[in-house]
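Please work through the two exercises below with the sequence and the structure at hand. Each task is followed by a worked solution.

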Amino acid sequence: MNLSRFGMVIWKEFKHIYRDPVSLRLVILMPLLFTLLFGYAITTDVEHIGLAVYDGDQSYESRELIRKFVASDYFSLEQMAGDSLQLEALLDAGEVKAALVIPEGYGKKLKRGEVPESLLIIDGTDPTIARTALQSGNLIANVYNMRTLSDGVFQVAEMKTRVWYNPNLESAKFIIPGLIGLIMQNITVMLTAFALVREKEKGTIEQLIVTPLRPVELILGKLVPYIMIGSIDFLIALFFGTWYFHVPINGSIFLLLGLGFLFVISALAIGMLISTVTKNQLQSMQLAFITILPTVLLSGFMFPRDGMPLAVYWLGNLFPMTYFLEILRGIILKGIGLEYLWKEVAGMTAIGALLLAAAIKKFHKSLD
Amino acid sequence: MNGYLIETEDLRKAFGDVTAVDGISLKIPAGSIYGILGPNGAGKSTTIRMLCGLLTPSSGKARVNGLDVYTQSEQIKQRLGYMSQSFSLYDDLTVLENLRFYATIYGVRGREREERIRQLIAMAGITGRERQLAGTLSGGWKQRLALGCALIHKPQLLVLDEPTAGVDPVARRVFWELIFKLAAQGITVLITTHYMDEAQSCDRIAFVFGGKILAEGTPAELVASGEFRNLEDVFIDYVEQTTGQKVRSSFEEIKFLLRSDGGGVQ
């Protein structure tokens, strides 16, 4: 590799970017906009689930149970029903997502030291809401029963639970690190997907081919300015993701920045490969989408990879983002370091290097 | 070498089912201005693109300065300047930046680089516009800037693909003055064109049609080869012979345009 030729390609590419201020502004704005927008949209924490109650007992104990539900913030009492038929109608109409039935004799049973029955009906059409309602409803009822019973004769078997890394199970803490990875991938792949194909469309590639410029100098030279832009984008996405959504970085920030840099290079390599195999910007756009969309599902961003069929699981291993998600969640949430993440780092580096080598190999100095 | 800078033998290029170049054999003397003449789609550009290493021939032999186009195209590129049909420099770089970029790519550096750039700018007559974006130059200037970039590394062979297409007559004249001066410096110039006056200015011309060479020689030889008044007659005669169609009579076929016809133009 001739360093002055390589340097000249970098310089030229910087000039192109600098002379196109609109694109430059978009590239800086994108991580900011996406992080804020998607961060809000994808948060799955559910609060204030609409609740209707039929209180058939009308006792101190039954009112106390209702009060506990409301006090939890997970539920908000929308309506008191006169009978269970009315409850059914409210659920059917979708006016409430949960209904609590307290049968007659609830208070008496409690006072006698028995475990009384109550019924919580949940609208299961949206599983996310339903799951939260189910868990929190159970929790509230159990805690209440237990507290009331504790003076009594019965020893209620108790199971202690601990949730690590994200004790309040806030979805933001799970979503945001992944979101940073996803946003970074989308931006960087797009950045380089057009890098070479623009020269093919404008015909400037013809003049480059008749020079002694070597493919490795051209491809790597074009990559360097975008590595810098991608790294700035990563800083922006990371800062807004963690600061604005209150997701503390538990691990080493320097390790995170270093590995983010590595990821930017790997993701840019995808775009560069796209750019070398396509003939015009439309084709690269399409190919970029075909590449980006599956990663949303296969990388573990949305669904846990453990449950996937083996073939799909392995397909996910082809994307740098799959490894980067593990790295992001590992460092930000668990605070772990290279001693646990080395496999992901090795995988991401290998895939990135392979993609880059393929891009250089695929770029032929000819118009054939 | 034996005095020829370019030698090809039965050179062919097919794109799928279409044969663009169908067995071309050329001998281009070093230091000459050699014109490839022919109508659009005759295979002129494909031929020179194979010589420049832009396209790989389907079959046949070709050597430039004794170097094989199949295996030594990177070495050929070191001593070759090429100007494509359409402006293929960077619109969003300035005149100076374009020149500096290509100078460095060809390994011209430091004081040598700045000196050559200064001279080329003067040659192209674009002094005072060094900091203007190339995209904002007019046709003639763009063309001379492209010529400047093609000359920055002192090539021994200059390949020009229809360099004067879309350029006004004055700019064309200025451009040809430059070509003559370059040839006088000993640079071999290979040029494609479909302008007769330009073909007339070449030392030798090959008339290409349908991917084949129909005639080759000096302009004077070609005119003298038959009952021709000028090169244009030779050109048209060959096209008519090859296609079996009259070129000039074709207007009479469109009868509805003739005034004598009732439904014609009023």
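Residues are numbered from 1 along each chain as its sequence is written, and chains are lettered from A in the order in which they are written. In this predicted model, local features need pLDDT of at least 70, and side-chain atom pairs count only at pLDDT 80 or more, whereas totals for chains, interfaces and linings use all residues.

**Exercise 1.** Determine how helices α7 (residues 171-193) and α12 (residues 281-298) of chain A cross.

Step 1. The axes, lines fitted to C-alpha atoms over the stretch in contact, come within 10 Å and cross at roughly 165 degrees, on a scale from 0 to 180 degrees between N-to-C directions.

Step 2. That makes α7(A) roughly antiparallel to α12(A) (angles over 145 degrees).

Step 3. Among the residues making the contact are A:Leu182 and A:Val189 of α7(A) and A:Ala288 and A:Ile292 of α12(A); contact requires C-beta atoms, placed from the backbone, within 7 Å.

**Exercise 2.** Describe the open sheet of chain B and the helices packed on it.

Step 1. Six strands follow the order β6-β7-β8-β3-β9-β10 with mixed pairing; two strands pair if DSSP finds at least two bridges between them. Strands are DSSP E runs of at least two residues, and helices are H or I runs of at least four.

Step 2. β6 (80-83) and β10 (212-217) of chain B are the edges, each with a single partner strand, so one side of each lacks a neighbour in the sheet.

Step 3. Four bridges join β6(B) to the parallel strand β7 (residues 157-161) of chain B, and B:Leu80 has B:Leu157 as bridge partner.

Step 4. Helix α5 (residues 139-151) of chain B touches β6 and β7 of chain B, its direction making about 160 degrees with that of β6(B).

Conventions. Parallel < 35°, antiparallel > 145°, perpendicular 65-115°, else oblique. Contact = placed C-beta atoms within 7 Å.
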